[in-house]
Amino acid sequence: MLTVVVCVVTVGALYLARDVLIPITLAVLLSFVLAPVVALLRRLSLPRVAAVLMAVMLALGTITLIGSVIGVQIASLARDAPRYQRVIQEKVDNVQGTFLGRINDLSRRFNNEAATAPEAPSTASPPSSGNAPALPGASTGANSETRPVPVEVRPAESSALDLARTFISPVLGPLETTFIVLIVSIFVLLQQEDLRDRLIRLFGSNDLHRTTEALDDAGRRLSKYFLAQLMVNSCFGVLVAVGLFLIGVPSPIVWGILAALFRFVPYIGAVLAAAFPLLLAAGTEPGWSMVVWTAALFLISEPLIGQVVEPMVYGHSTGLSPVSVIVAAIFWTWLWGPIGLILATPLTLCLVVLGRHVERLEFLDVLLGDRPALTPVQNFYQRVLAGDTDETLAQAETLLQDRSLTAYYDEVALRGLRLAATDLERGVLRPERLERIRMAVSGLVNDLSDVPDQNPPEKDQKAAGAAPAGTSVSEKAVPHLPVPDVPLPPRTERVGSWASDNPVLCLAGRGPLDESASAMLAQLLTKHGLGARVVPHEASSREQVGRLDTAGVAMVCISYLDISGNPAHLRYLLRRLKQRLPGIPMLVGLWPEGEAVLSDATQAKAVGADYYTASLRDAVTRCLMVAASGAQDPAKGAVVMQQEPASEEGPV
């Protein structure tokens, strides 16, 4: 309720104080445009005051020049307005005569056939025998006619004050606004550092890092947006002016300037810019060729500028979602009129920056920003929770464009399964939902069976990958490292159990989703030349472990999404497996990292596994190293492996 009240009060204040806030807002935004110019003049050894005044005078001169050109061109068009109007009227009449006339004939025919009631004959009233009163000045003769008295209305004499009010009043408002904008811009540019320090002191003196980052982000985004838009829109205006000149449309310069200005209005600016030249082209010549060429000019130039030039200048996005731009344009137009329509995008951009750096205003970033509302991990969990394997596969194909299959499983799939395991532990995951998740993940793993486990060529040399937009800080810290290339001898040259078809036994933990993690590990091992098979947890129970098929097993990998901080059952499981498979190395994978057994060497030794890993990449690497050192024929010499240093994850 407090948030609603604050929002209502804020909107009301913006509406009631619009006469004061609009010039100030324009001045602040103009200062962002002029700040690079001031910095350039300062680098030329000009004092700050001189640089600011010169930049403002340059802006004022540009605005005056543009206004003068527009005024002269409009005056020239006004002299020929009757001719344009006559040509347009002739075209409209021709169109009506060709199409609308036939439609009207059909409509009248249909109405006449549908009419069923005959018209009643009209009875004229007999002329009155009485004498009507005669009008003043009218003749009373039998054949005389009544003549109306002519009346002439003459306007009153206008005084000099009335003439001044008529012609000067419409100009005073824009001049007053322009004067306020320029004065405020001068003071903002002169006191730029002081205003920044005051904002930091007012809003974030307790957290200088976050406040400074927010201000720098806002300034960088706004300056980039305005300068890029100014450059792109200027190119659009020049292109339109040159094209209209070649086509033959009168006053092409004014339409190029208006096209550049209208393009600051999101989405509908180009449509508004094209309306006037099309109307003028229709009134310039009797035919339609000029109209067609003018329409083609705008239909070609706008996509060219929007889809080719803009991404080259400032990227594919300004940080706002398309829906938020439309909603913001409607909102600010309702609030501040046409000026609000032009200011909608930069003001909304400021709100998004606030949402990204102020925790209580994070909803603004979620509602208006272009970053995904859900992280890839959350999106994965939401899709498998709904049982939508197709959309999960589509997301996987998108993420696999800049990472390996192992990185996708580690950074997205296993973390999503961990969310499911947490919900299952809290008791909020129903059995049918759990089964739906298992089926979706199983289908996903099967669909990815043909995907090679390697980074894309352009990503191979990058040590740390940048996670896609919307990922959390912890996700961005995970590097997209491929599995190291560990050479293995051909299966026909391996010795012992490593020569079997499936030397690695991937045993699922006791969690209902651990078997899905084991399936991912088995698939990755198979892609790297080590056959593996998945065994459910029930096969390792006290009753079933004696009947466990251990033929051709050279290594056992146990997968756990969660051991709930109590590794006793894991210790008992390893004891049973060592009795059943003596001398076979045991690897325990805890997905993801965070369990105490990974960092506590004493606890890890007590559990009894040979190797511990916290990622599928490390598990595959360890299995390949063990296989390379144990599968080599002694007659050909052992493979010399370099010992890896102990990592922060715990014992290796």
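This is a predicted model: local features need pLDDT of at least 70, side-chain atom pairs count only at pLDDT 80 or more; totals for chains, interfaces and linings use all residues.
## A buried alanine and the cores around it

At 1% relative accessibility, Ala508 counts as buried, because the cut-off for that label is under 20% relative accessible area.

Ala508 is found in strand β1. How many of the residues of β1 are buried? Five of its five residues are, and the strand is mostly covered. In a regular strand the side chains alternate between the two faces of the sheet. You can look for this pattern here: Val504, Cys506 and Ala508 lie on one side of β1, Leu505 and Leu507 lie on the other, and both faces are covered.

Strand β1 also has a partner. It runs parallel to β2 (residues 532-535), and four bridges join the two strands. Within this pair, Leu505 stands opposite Arg533 of β2.

Which residues does Ala508 touch, leaving out those up to four places away in sequence? They are Asp514, Glu515, Ser518, Val535, Pro536, His537 and Ser559.

In soluble globular proteins, nonpolar side chains tend to be buried together. The largest nonpolar core in this model has 53 residues, and Tyr408, Tyr409, Ile437, Met520, Leu521 and Leu525 have the most contacts inside it. Among the elements giving two or more residues to this core are β1 (504-508), α19 (514-527), β3 (555-560) and α22 (616-630). The most comes from α22, with nine residues. A second, separate core has 25 residues, including Leu507, Leu574, Leu577 and Ala614.

Take a closer look at Leu521. Apart from neighbours within four places in sequence, Leu521 is in contact with Cys506, Cys557, Ser559, Trp591, Leu616, Ala619 and Val620.

**Out on the surface**

Some nonpolar residues sit elsewhere: Met1, Val4, Val5, Val8 and Val9 form a patch on the surface, with about 520 Å² of accessible area together. Of these, Val4 is found in helix α1 (residues 2-16).

**The whole protein**

The protein contains 22 helices and five strands. Here are some overall values.

| Property | Value |
|---|---|
| Buried share of the 652 residues | 38% |
| Contacts joining residues at least 24 apart, among those at least 6 apart in sequence | 73% |
| Accessible surface | about 37900 Å² |
| Part of that surface belonging to carbon and sulfur atoms | 62% |

Methods: Residues are numbered from 1 along each chain as its sequence is written. Side-chain values use heavy atoms; hydrogens and water are left out. A nonpolar core is a set of buried Ala, Val, Leu, Ile, Met, Phe, Trp, Tyr and Cys residues joined through side-chain atoms within 4.5 Å. Buried means under 20% relative accessible area, exposed over 50%, partly exposed in between (1.4 Å probe, protein chains only). Contact means heavy atoms within 4.5 Å. Patches are made of residues with over 30% relative accessible area and no salt bridge: like charges are joined within 9 Å, nonpolar side chains (Val, Leu, Ile, Met, Phe, Trp, Tyr) within 5 Å. Accessible areas come from the Shrake-Rupley method with a 1.4 Å probe; for residues, only the protein chains shown count as cover. A salt bridge is a side-chain nitrogen of Lys or Arg within 4 Å of a carboxyl oxygen of Asp or Glu. Two strands pair if DSSP finds at least two bridges between them.
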